[in-house]
Amino acid sequence: MMNNQSKKKYVLVCFLLATMAMFSQTKTKKVNSKIEKVIVFSQGAQVSRSANATFDSGKTELVFQGISPKIDKQSLQVKGKGRFTILSVIHQNNFLNTQQHRAEISKLETEKKEWELKKTTETNILSILKNEEGILSKNQVVGGTNSGLKTTDLREAVEFHRQRLIDLVKQKTEIEQKIMGIDTTLVKLDKQLKALNQSDENATSDIVVTVSATNAVANASFDIDYYVLDAGWYSNYDLRVEDVNSPINLLLKANIFQSSGEDWKDVNMSISSGNPTESGVAPTITPWYLDLNQRRKQSTVQTFGQLVGNTISGTVSDYIGPLAGANVVVRGTSIGTTTDFNGNYTLKVPSVNSELVFTYVGMEEKIVPANSNVINVVLDQSVALLEAVVVTGYSSRRSRKKYKEEDSSIPMETTVAYQPTTISYEIKDPYTVLSDGKVYTAEIKTFNLPAKYQYLSIPKLDASAYLTAKITDWQDLNLFDGELNLFFEGAYLGKSLLDLQNASDTLEVSLGKDKGISVSRKQLKEFKAKQFLSSYKTESRAFEISIKNNKPYPIDIVVMDQLPISNTKEITVQEEEYKEGTLAEETKIITWKVELPSKNEKKLTIKYKVKSPKNASLILD
């Protein structure tokens, strides 16, 4: 028998054991979370989720499901508010809880399965018919005078076999045609699913947060932040000019895309010029060893010739065919485009030192030097999930119709936010971008910019007049690099490029050719001459440049030409003439600044003589 003191000790021990057991048992609870905010970088995006939860005392595993499977685990942050302690945070893939497809994709997948089932049925029936045909062929009736069969019986047996074989051939033909029709339908469905950027990767992931509480918690709140790579944006602009007396109307548009595995529905969204994947660490060089029988991998990039100008075009495909909706972005900039239905793209690049980044849902990213006018790329199937990247923290806060501003749509209300090295625009209205890799275009902001318009012509290279606009104080406008869609006097002129990286204090934008100004450059035959003096010769050249203003208003135009430069003392350039022009001594480039009234014409003349050895062959035209 225990005395009272022993009983008290026993009860206390039992209570402590029970309490320890209660706290050692870990319960699991699923918690719903919602995407509240997304910051989209030029490559990747930062996603912010919020959630509320209730749980009992002790240890509890809170499982947040439906998360992107492409999280960079190093970027995952979970913050909680309430009377509890966060013990651990784990990220894990979930292959049972699959991504929700768009209704259109789900419908097509269901239809595809139904046709595949029909094909299986028809294929099995065809196999049965082939079996029967084989049995009949092996068991044909062989008759004759010694067979014991009457002639009539033999005739009936032969006719039966013949008729049955004919029926089998007809049935086989019908089924084979059905199967061909089913295959055609399946190919069309596959193409449509491909056009909708269907991904073969359907898994989601979970974030498991283990918490501990002394008492039950009824009002816990959680903030979850993480970075995903399969997302990005690029900019382009609509630039409209009514006439050379009106300001520029510039509409900034953000083209946002993502295939992270989770839809961003009605979220607070920002676009940022930052790129967290760029490393700030200087590279190191290692020894370069050569081995025998080294072979290069089969190239998946085709280039044709050197880059002339700044326009690159080509196709993006996989090993099956063209990829529609693939993204092509100039690395480190906000310049980009997407491929059309046939996988074709056209893009302007800032310089020959640029690099193009090609991405597509379910494919490995490919980076290619922009050193050719034609670049065709074949993308490889992705074989792994997101690899670790270095993530930098970013702070964030909550007929020719005359163009008229009232005719256009109203861009979204935005606020400019500044970070130490980046600029971002916060879209005020909730915005949706689905996880389908497609481009969602948001009109961000309209700028009305005073500009000085000037025409430029270099008739030696191109007998055209190019309209340029010069914009001062552009650094305060918070613009991005991007392609320009040009509209002048209501007509679409083509594309140009807003290249801020190479801009000076005055931003100069080329607005394309103006057909209303005629430019020509012709050689004056009467001044072309060749004289021989002992072992030397002197050759004369003269050119006339004509500019005619057919516009209903006066214009300012800069005309440029050049004189030859000698690299040797045996060749001298003499008697240069370029009236009204300014000569740059180092480059020998001549510049004329001409004010030309409406319906007027201006003629400029350039003359020079070159003395060279008698047998020298020079190009002087």
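How many aromatic pairs does a search of the whole structure find? The search finds 10 aromatic pairs, where rings of Phe, Tyr and Trp (its six-membered ring) pair if their centres lie within 6.5 Å, with planes under 30 degrees apart counted as stacked, over 60 as edge-to-face and the rest as tilted.

Before we look at them, a word on the model. This is a predicted model, in which local features need pLDDT of at least 70 and side-chain atom pairs count only at pLDDT 80 or more, while totals for chains, interfaces and linings use all residues. Residues are numbered from 1 along each chain as its sequence is written, and side-chain values use heavy atoms, with hydrogens and water left out.

| Pair | Centre to centre | Angle between planes | Class |
|---|---|---|---|
| Phenylalanine 64 and phenylalanine 222 | 5.7 Å | 65 degrees | edge-to-face |
| Phenylalanine 487 and tyrosine 492 | 5.4 Å | 55 degrees | tilted |

Phenylalanine 64 in strand E4 (residues 58-67) and phenylalanine 222 in strand E8 are 158 residues apart, so this pair links distant parts of the chain. Strands (E, at least two residues) are DSSP runs, numbered from the N terminus. Both phenylalanine 64 and phenylalanine 222 are buried; buried means under 20% relative accessible area, exposed over 50%, and partly exposed in between (1.4 Å probe, protein chains only). In the other pair, phenylalanine 487 is buried at 19% relative accessible area, whereas tyrosine 492 is partly exposed at 48%. Ring pairs also join Phe55, Phe64, Phe84 and Phe222 into a cluster.

The charged end of lysine 118 sits over the ring of tryptophan 115, 4.2 Å from its centre, and arginine 521 lies over the face of phenylalanine 543, 4.1 Å from the ring centre. The test asks for NZ of Lys or CZ of Arg within 6 Å of the ring centre and within 35 degrees of the ring normal.

Finally, some backbone angles. Glutamate 580, in the loop between strands E32 (572-577) and E33 (582-584), has a positive phi near 70 degrees and is exposed at 62% relative accessible area.

Methods
Helix = DSSP H or I, 4+ residues; strand = E, 2+ residues; numbered from the N terminus.
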